[in-house]
Amino acid sequence: MSVAQKFQRLGLVIVLLATAGYALATQEWALAMIAAALCTAGWMLTRGGSQRIVPAWLTSGLVWLAVARGVFVAIMGELDVPAFCEFLLGVIVVKMWDKKVAKDWSQALTLSAFLVIGSVLTGSSLATGVLLAVSVPLMVYGVILLQVIGAGQRAVAIVQGAGGEAPPAPDWDPLLGAQLRRAAMWSLMGGLCLSLLVFVIMPRDIGRGQFGRWLQTGARSISGFSETVQLGRSGTIFTSRENALDMAVKDAQGKNIGVAGRIFYVRGATMDQYDNGSWTRARQWQDHIESAFAGTPIAITRRTPGSSSSGDITQEFLIRSAGKRVPLFGLWQPLSLTLETGAEVAVNRADLTVVRQSGAPGPLRYTVVSGPGTARDGLQRTRRPGIDFPSARVREVASQILNLAAVEPDPATRPFEADSAAARAVETFLRDTFTYSLDQQPVPPGMDPIEWFLDIGKRGHCEYFASAMTGLLRSVGVNARMVTGYVAADFNSTSGHYTVRESNAHAWVEVEVHTGEWRQYDPTPPTTLREQHQPPRTLTSDFFGFLDAVEYAWVDSVVGFDETSRLRLFGGRGPTLPWFDRATTAISVRAYRGGGRLARDAAANGAVAFASVAAVGFVIYWIVRRQRRARRGPLWTPAGLSGAEQARLLSMAGFYEDLLRLWARAGRPKPVTQSPLTHAEDLAAGEEVENLSSRLSALFYKVRFGQQDLSPQELAQVRQDLSNLEEALRGRRLSGDRPGEKSSVRAS
Amino acid sequence: MPLRKPQRGSGAAQASTAAVETDGAIGMAVDVAVDPESTEIRWPEDAAMRIVSRRYHLHFPGLVYIATTVMLAFGAVQSQNNLLFWAFGIAVAGLLISGIVSGSALMGLQMARLGVSESPVGRTTFMRYALRNRNRFFPAMALNIEELDVNSDPAPGAKSDPRVAPLSLPAGACELVAARTVVDCQTRALAKRRGRGSLRRVRVWTTYPFGLTRKSVTFEGPKSILVLPHVPRLKNGALDRILGADQRGVLTAATRGVSDEFWSLREYQIGDPTRSIAWKASARSGQLIVRQTAALTPVRLWVRIGELTDEAFETAVTLAAGMIRQADELGWSMGLWIPGSGVLIVPGQGQRHVHSLMRALAVASPRSLARASGAGPKSGDAVISIVGGRVSQEAQGGRASIGVDDAAELLEKGESLTPAPAVKARERSGLWSLLAGREAGGS
């Protein structure tokens, strides 16, 4: 098997991995499978090497078509990363049907590398990361192997181009394979260390979004959860197992209180305004926009006077793929919230909801402390004039329910304390009377969905139950609001976190049972709720639980690595210096303001910095050289001469130091015990070197022992001889080194 | 220097013999003794070439890589995507490792010329080298080897002129020179025109490990080369037809040997084959007599090239080479006489003799100041004179003439006086060449 044949399979694997990465990131499985099949077919038909089975004009035409499509998409303003990946995939498929010399493979590999990068940009899941981790070593090995193949094929091209007989393709040699694997392994190890170093030291949060919307992908808004509820839609609700968030629940002592079977309601939004089947939020005017600084808690509500913090519950949230605007979930009732990365938040202290208004798309981490608190919604509790529901039929049903439960339906005469009993009565009624179903029947046109649910349908999903309860309570003057969020029921004992999926989205009700005191009620039948949200215990559940834990670790430590994590890694201070922080911030600000002079300034500053460094380097070199010379002392001390004459002779004999340096550089330093002339004759480096060395030594003798000046012709001769000797010794290592002998730059 | 083992050059393992066995390659002039049976290559210290330069060349793939790295940096900063930061780290690491590994790999490389094959025009010539990697850790891989100067002037340092160069530019590759080893590798080139020439500088370059930069080391070591003339195949019996089958020379019974020619009779001795008994003579003499045969003296053929114009002289040299080839296959003795060039080689046999004839033809010129010395054709020797124009007269007494204009008629079908290239030049496809840059076949 030749080296080129050995590469063929590896090349196909790399291309298929890149295609799989594309599928994982974009979920375009059908397209990716077609592309993979086409790539494999093309590979099988063209792996012979230099022959093409598809005419060049056809492959070129297809590529130009793909380019034209890309340009069209760009002009239409729809060119994003997934679209670019699609373009790359198309070109790769065409390329796999082309001939397969090293040049073609290098193009295919380059395109595959771009596709992997595009996939990484599109999706940050663990699977994408695993794919990257698998692809990189294979690509490194493949690229190194490709250099070997390319060298041979280039020689073939040159020789054949001249009409000569090409050398045979080199066979695969185990020795070559071992060396290649070793080179790839060391390159990978070094590359991994260096890349991690770069990964860690690169400052974050600088320059984000400076280029508009370009590359602003990588975040997916949370689905399954909604800040509004629209009733009346028919069809089956499909549940997605996509991860929405992860939550660790701890008590005041920091002990993890999560356990399998224990359910938490994670609230995200409230709705208290109903209009023809649609629930919306009426209290937006009470939102306060605040700047949340990283690590600094935001107070959401006051702790109930007299209550201790020992009952507090701390929740650590990780939203794996948060959009710019995202509700910040938490357990009832939230006292404070702390973001790990600073952002603008909208805090509503009436319904105790917090929404991040702006921030970096991607992983989001924050902590919520919940406990007994007092919410103030600004309403007077004398009676609730604003609490009402626009449906006489709903009011009628509510009255019937309360009458059956012996609770006064008229809010004018009913004491506040009876509101909780009213809520409990309605909850029980709905749980016992109605059936939970994801398969929703259509609501007749013109009919209110809640009325339809109460009178006709009698079955529905959680939003119907919560809507009905909220409507029923509000119609009899009980202050209630609908809440949407998630049910955290899937506890992962490996990671100690609740894994909350999109399918865990849920709706329930909050009722003000006393002034400022709200309590949660869930009218959905509890058995159904557990069946719906608690994962069944199966043979594979442990395995998938482990995968979830690994993915959580991946998102937490790699994808979610941010400036706070970086600083924490370096003991809270980080490796950056204050002046560096100031400078980068200034650059960021100027870039943000669109400073046109930034590039010019950067170039000018760079040039000045380079010149400064070069000047400093030269000065250091000059000083070091002088010091070395001073440390060595003079070559010898001419006796019986004045200081000026001594200096003149020493200066004249300076060429001898160059001669010694040349000998040392060539691997034959002059031993201390040997005279220059003898050493020159012993060099055994060819006649030219010996003659030049001998002549220079003789001239040195004339100066040193004869104490005579060199004539201008002799000085010119010295310069010429030194130049010739340097040229003759360039790149040579003279044999006959004498180990153990000390080199000398002193005259003997 | 510990001398280890084997080479990994392209087909270089059999380099010492491959050149001889390859069709048309007459011989390999090996300057340094290499034992073809041995797996160890001795580093020829005396033939070590001088390093004249080391260079880094940024080429197209490297520029693309740097542009991609910059884009990754922008992308990472813009999107704050951590995987992109990691990808950027990998890209930066790739650049650093590429610089370190590639620089180190070539830093300890040394080169020596081992020899150059002497091939006829139209055939492939092989240049052999020893490559030594003095580096302790880093192997040198994916090495491209290219001769930079092929001069028609044998004097070292002469200016290169590719139009009259005897060879195309030799190129080759060596997959691996492991750390602290010496390997044997080779380059190949097409022999383009006969005559002497010289090689001077060799560039060894690599894009290992990642193809981002091209690093090169240029070595200098003059070497003379010789390209033999094109050797066409003549029609079967062409020489017999030129000389005339009965005129091609006298078979002289000079000594006893094995043939059909009678030499003498003698008495039977024990051990003589019964088939050699001359029964009639035995009957006549009354005792057993055996018949002895004469040894044949091969035809002694002189090929003589007369005074010719430059163009005709080239044709004559090619024709002479073809004649020598056929005569050698027939087992004749061959001699060469070119009065104008001072060449006179008496007839002889064997590969060595053929090679000396080819070498003489390689350097022969129509007008030379040298004059031939020594004895020319003897009586009984066959002589074919190659002269200008066409010749109509028939051979007489083993002397024949052939005109250069008649040369084409002597060639076997498919042969020509000017060799056809062994392989057609590679095709170039449009778009991919554009995408890949200008380097044909570059990776």
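Predicted model: local features only at pLDDT ≥ 70, side-chain atom pairs only at ≥ 80, totals over all residues.
Reader: How many bridges join strand 4 to strand 21 of chain A?

Author: Strands pair if DSSP finds at least two bridges between them. Strand 4 (residues 264-271) and strand 21 (residues 480-488) of chain A run antiparallel. The number of bridges joining them is seven.

Reader: What angle does helix 9 of chain A make with strand 25 of chain A?

Author: Helix 9 (residues 419-433) of chain A touches strand 24 (505-514) and strand 25 of chain A; touching, or contact, means heavy atoms within 4.5 Å. Axes are lines fitted to C-alpha atoms, for helices over the stretch in contact, and angles run from 0 to 180 degrees between N-to-C directions. The angle with strand 25 of chain A is about 10 degrees.

Reader: How far apart are the end C-alpha atoms of helix 5 of chain A?

Author: The expected span is 1.5 Å times one less than the number of residues. Helix 5 (residues 102-122) of chain A has 21 residues, so it should span 30 Å. The end C-alpha atoms agree with that, at 30 Å.

Reader: Is A:Ser437 buried or exposed?

Author: A:Ser437 lies in the loop between strand 18 (435-436) and strand 19 (439-440) of chain A. Buried means under 20% relative accessible area, exposed over 50%, and partly exposed in between (1.4 Å probe, protein chains only). At 7%, A:Ser437 is buried.

Reader: With which side chain does the side chain of A:Ser437 make a polar contact?

Author: A polar contact is a pair of N or O atoms within 3.5 Å; within protein, one must be able to donate a hydrogen and the other to accept it, and residues adjacent in sequence count only if both atoms are side-chain atoms. Leaving out residues up to four places away in sequence, A:Ser437 touches A:Arg459, A:Gly460 and A:His461. At 3.5 Å, the polar partner is the side chain of A:Arg459.

Terms used. Residues numbered from 1 in each chain as written. Chains lettered and ligands numbered in written order. Heavy atoms only, no water. Helix = DSSP H or I, 4+ residues; strand = E, 2+ residues; numbered from the N terminus.
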